[in-house]
Each structure stands twice: as structure tokens, then as C-alpha cells.
Amino acid sequence: MAGLVRREERGILLHISELARRVGVKPSALRYYEREGLLTPAGRSNGRRVFDEEGLAQLAAIDFWREAGFSIKEMAVLLADMKVSMSAVKRIASARIAELDGTINHAERVKELLSEVMACHHRQLNECPHYQNILKARIDSILLDDYRGFGPRWHERSPG
């Protein structure tokens, strides 16, 4: 099979291009993870990087933490020491869960607001009482110096 190098003492090794194909990324992404200290090749075969089971485990961990929304810098902290304590991982995971709860709450509020507008049967937006009430509430909040609407949005989350 192309991309595979067999070594009896190490099992199956995958060339970087084959591994990249199998996980659906470009080889440059794997090289980037390597530069950031997240992924370590087992060596080289014919001048090309090869990855063994340890590299696959590192890549699986990268994928897990990436899916959980962690930045490269955050992953580097977690993956720098594969024997990181569960208490440290739980602290990090707890903070991420709190952040996700905020994102979910925001999304639910936005969905509710848009659903109210969608339920309106008026011909023009400025005639919609739901929309007018939303704007009035925001205006009142501004006048009471209690408005928090122009802060960072969920998609503007700063990386760790």
C-alpha cells in the first residue's frame, strides 16, 4: 500500500502525505503541528517524515482538543506533558465548559429574538411590534448606562 513503511520492531509507519490524506488535512498542517511541538515524527524514510503509533496518538489528541475548541497554544500546554494531572485537565475543561455555556446561552437568546421577528405578520420591519420592543429595550439599557451589546461576540473569542 502506498505511503506505508513496514518495520517489524515498530509496526506500521505512515508517510506524512499518507497520514495527511487519511485525516483530511494537507501535509503542511502536520508540519505546522510539528513546529508547534504538538506532533513528533518517528523519523524519516526516503527523506520524508514518517509517523508511528505515538504520532497517531498525538494526532488523535490534537483532533480531540481542536474539536473541543482549544487553540494551538492551549493544546501545547495540555500536550506538552502527556502525564499532565487530571486535576489540571479538569480545571481547563471546566473553564471551556463555562465558555461553551455562555456561547449556548447567547445562541439561544439570538434564536429566540429571530424567532420573534420571524413570527411577525407585518409587511415592514418598522411595523413589527416584536422588533420595536427589542429596540426599545436596548435603547432603555443604553440610557440607563447598562448596555452590554457591543462587546465581543461568540465568534470573536480570543485564543488562549
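In the predicted model, Glu74 is a residue of helix α4. Its relative accessible area is 22%, so Glu74 is classed as partly exposed, the limit for a buried residue being under 20%. Glu74 and Ile92 are separated by 18 residues in sequence, and their C-alpha atoms lie 9.1 Å apart in space.

Helix α4, which spans residues 72–80, packs against helix α3, formed by residues 53–67; the axes of the two helices come within 10 Å and cross at roughly 135°. The arrangement of α3 relative to α4 is therefore oblique, since angles over 145 degrees would be needed for a roughly antiparallel assignment. The crossing of this pair, α3 and α4, is right-handed. On the α3 side, the contact involves Ala61, Ile62, Trp65 and Arg66, while α4 contributes Met75, Leu78 and Leu79. Sorted by class, the residues in the contact of α3 with α4 comprise 6 nonpolar and 1 charged, with no polar residue. The charged class includes Arg, and Arg66 is among the α3 residues that make the contact.

Arg66 also takes part in a salt bridge, its partner being Asp63, with the closest N and O atoms 2.7 Å apart. Both Asp63 and Arg66 belong to helix α3, where a spacing of 3 residues places them about one turn of the helix apart. Asp63 has a relative accessibility of 36% and therefore counts as partly exposed. Arg66, with a relative accessible area of 45%, is likewise partly exposed.

The axes of α5 and helix α6, the latter covering residues 129–143, come within 8 Å and cross at roughly 140°. This angle makes the arrangement of α5 and α6 oblique. Leu113, Glu116 and Val117 of α5 meet His130, Tyr131, Ile134 and Arg138 of α6 in the contact.

Arg96 counts as buried because its relative accessibility is 13%, whereas Glu99 is partly exposed, with a relative accessible area of 30%. Elsewhere, salt bridges with shared partners link Glu18, Arg21 and Arg22 into one network.

In total, 6 salt bridges are present in the structure. One of them joins Glu34 to Arg49, for which the closest N and O atoms are 2.5 Å apart. Glu34 is located in helix α2 (residues 27–35) and Arg49 in strand β4 (residues 48–51), so this pair ties together parts that are 15 residues apart in sequence. Glu34 has a relative accessibility of 25% and thus counts as partly exposed.

Conventions: Residues numbered from 1 in each chain as written. Predicted model: local features only at pLDDT ≥ 70, side-chain atom pairs only at ≥ 80, totals over all residues. Heavy atoms only, no water. Axes fitted to C-alpha atoms, helices over the stretch in contact; angles between N-to-C directions. Helix = DSSP H or I, 4+ residues; strand = E, 2+ residues; numbered from the N terminus. Parallel < 35°, antiparallel > 145°, perpendicular 65-115°, else oblique. Left-handed = near helix turned anticlockwise from the far one by under 90°. Contact = heavy atoms within 4.5 Å. Salt bridge = Lys/Arg side-chain N within 4 Å of Asp/Glu carboxyl O. Buried < 20%, exposed > 50% of the residue type's maximum accessible area, 1.4 Å probe, protein only.
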